[in-house]
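Trainee: I'm new to this one. Could you walk me through how to read it?

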Amino acid sequence: MRHTLAVLVENNPGVLARVAGLFSRRGFNIDSLAVGRTERPDVSRMTIVVEGDDRVLEQVSKQLHKLVDVIKISDITPEEYVDRELVLIKVHCEAVHRGEIMQVADVFRARIVDLGRKTITVECTGNDGKINAFEEALRPYGIKELVRTGKIAMMRGTRFTSVSGVRDED
Amino acid sequence: MEMTVAQALIRCLELEEVDIIFGYPGGAILPVYDALCKAASIKHVLVRHEQGAVHAADAYSRATGKVGVIMATSGPGATNLVTGIANAYMDSVPLVLITGQVPTSQVGTDAFQEVDITGITMPITKHNYLVKDAKKLPSIIKSAFHIASTGRPGPVLIDLPKDVASETIKFTYPEKVSLRGYKPTYTGHPAKVKEAAKLMMNSQRPVIYAGGGVLNSGAAGELLQLAETLTAPVTNTFMGLSGFPGEHPLFLGMLGLHGTRYANLAVTNCDLLIALGARFDDRVTGRLAAFAPNAGVVHVDIDPAEIGKNVQVHVPIVGDVKQVLQAILAHLKKKDRTGWLEQIQQWKKEYPLTYGSGGEKMKPQAVIEAIYRHTRGEAVVTTDVGQHQMWVAQYYRFKYPGTLISSGGLGTMGFGLPAAVGAQIGLPDRLVMLITGDGSVQMNIQELATLVEQKLPIKIFIMNNNCLGLVRQLQEFYCERRYIATEFGFVPDFARLAGAYGIAGYDIETLEQLDKMLPEIISNPGAAIVNCRVDASENVSPMVMAGQGIDEAIDC
């Protein structure tokens, strides 16, 4: 099963290497990892999507906890959460197909961000199901280049992940 | 007070009450050594190879309970530490290592003697630091000692670029450490403690399986009390040896791959396995499905990641073994037990540790027994890795906690000699012995010079069989006796080598000779090398073959 982990880490140099190294040497499979700083400049947040059964997940979480730079880990999979990923896709596009591709983009609420002589670049956000579907819809036109950010996620409602744990708002 | 970072570093070490540093100088760490000149309270032990420095500090730490401190320079100085660091990491030994680094402006340029030692040691340190901001040095040192010595202990490395070491800072040493991502748990969860106590009281056939965590937490007294209260037999992992008195009637010896048959049978047939500060290592469990198949498992460990890693646990307790045992003992009443103990007694009678008596050559097992006869467990024993190490585990009865210092998890040949150096420096008044092999001792034999320079009266017993016995044994059983690269075409004359270092050398061919010479060897005030020519055909027995359960050991 796929799990989504929200991991708060010290914003120290090398922390990404520590986390990534841990996953590879312990044989854990990362589906995606997205990292950036949070509302606090000294704290970064990683959203890690990892494949594994409950036992694997327990080990992932415990081993992550052993890293001194890791402050908090929440497996938000069982919670209600919003998740998003952003993709940029550059599609082969002759002038005659522009309208058609723009219609596809419209269906997925994607935005055209660049036009070239024979290309069109679109931006789309959503969960990975939507992104995958969008990619498939564009594939027949010829995808020249594609880049995805990896998933970021946040719990819905008043619950939140903070340095002091997963809590309800006071 | 204003001072250079190098001076501040030495000041920090003084405030951490470091009295000894094992190290080897070089260009990048020059400013730190220069500052060390003025530190009257810190002694520096100059080793002959950086690996020796780590092993010596490792053993010093195990012998004294203090944090071992190591210094080395950048590049090769740092990479030579790597095996020692991995060794300490696997055996949970608190170390603080300080390496010099090329100046910040050259970091990342493949400069002379530059190596990314924080990157290299990431998987084998508990934590490491590259000091970029001079002001942070004091708090980094404070944190390093805290991280190394608390929770599950381990090595922490600090890489200090040469230019940073020469910067001037205003020195204040923080009183407290604040690490929001690091808060080890010491006290067991009360509900789990109760549950464990209940299982222990209700168990008919309990076995206590005690590891190195018992020694790390100083819980040997509590372990003894637990065993005697429950009248439960105790088996030790290799790392746990010396944590329970070797002559105690409840002692089963070591379990696992080369464990006693009765320990392995007891574990296989128990209804409750009480795992204390042990990690269900593959050398202990053999085939996992056959390990304690009908037992409930109580697992006490300070490292939550060890609980449930290899086996399913019924009562997990995260905490310090000593504190958790104290809490459990409060819930226990003295329990007598006859049937289970009789069964174990029968196994002990039926399957004792044995070795052949034939042949002209001295049996290595008999050498260990002789050393035990003459020391009665009063010595601190360091070993290397190989057959001799397993024979020590089987035939030497440890009396006091911490009197075995050996490389368990990593199995580092070459650990023994520098470890003996570190142990003797930490325990100047104790009899320190190294039991090693002709293969292992040659792996760090340069440390003989350190031993002599430091005037250490270490007694070195070399189980000399002219080969790499344990690997040879593997070739006998797994490669149909196709021996390759395990027999030495040349082995130095160790007794004469002793002469070259100005210490006593002995050549021993027979057990009678050994018995006669041992009192002299032990009582002499100086160091000695005792070259014991032993029967090369002896194997470590019993042995559990790969993929087998621990109750399926073969005699070999």
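**Reading the sheet and a pocket**

Mentor: Chain A has an open sheet of four strands in the order 2-3-1-4, paired antiparallel. Its edge strands are strand 2 (29-37) and strand 4 (70-75), each pairing on one side only. Strands here are DSSP runs of E, at least two residues, and helices are runs of H or I, at least four, numbered from the N terminus; two strands pair if DSSP finds at least two bridges between them. This is a predicted model, where local features need pLDDT of at least 70, side-chain atom pairs count only at pLDDT 80 or more, and totals for chains, interfaces and linings use all residues. Residues are numbered from 1 along each chain as written, chains are lettered from A and ligands numbered from 1 in written order, and side-chain values use heavy atoms, without hydrogens and water.

Trainee: How many bridges join strand 1 to strand 4 of chain A?

Mentor: In general, strands pair through backbone hydrogen bonds, parallel or antiparallel. Here strand 1 (residues 2-10) and strand 4 of chain A run antiparallel, joined by five bridges. V7(A) sits opposite I73(A) in strand 4.

Trainee: Which elements line the second largest pocket?

Mentor: Rolling a water-sized probe over the atoms shows where empty space is left. A pocket is an open set of points on a 1 Å grid over the protein atoms alone, where a 1.4 Å probe fits, with protein on both sides within 12 Å along at least five of seven lines; lining residues have an atom within 4 Å of a point. Helix 1, helix 2 (54-66) and strand 4 of chain A, plus helix 5 (82-90) of chain B, each give two or more residues. Helix 2 of chain A gives the most, four.
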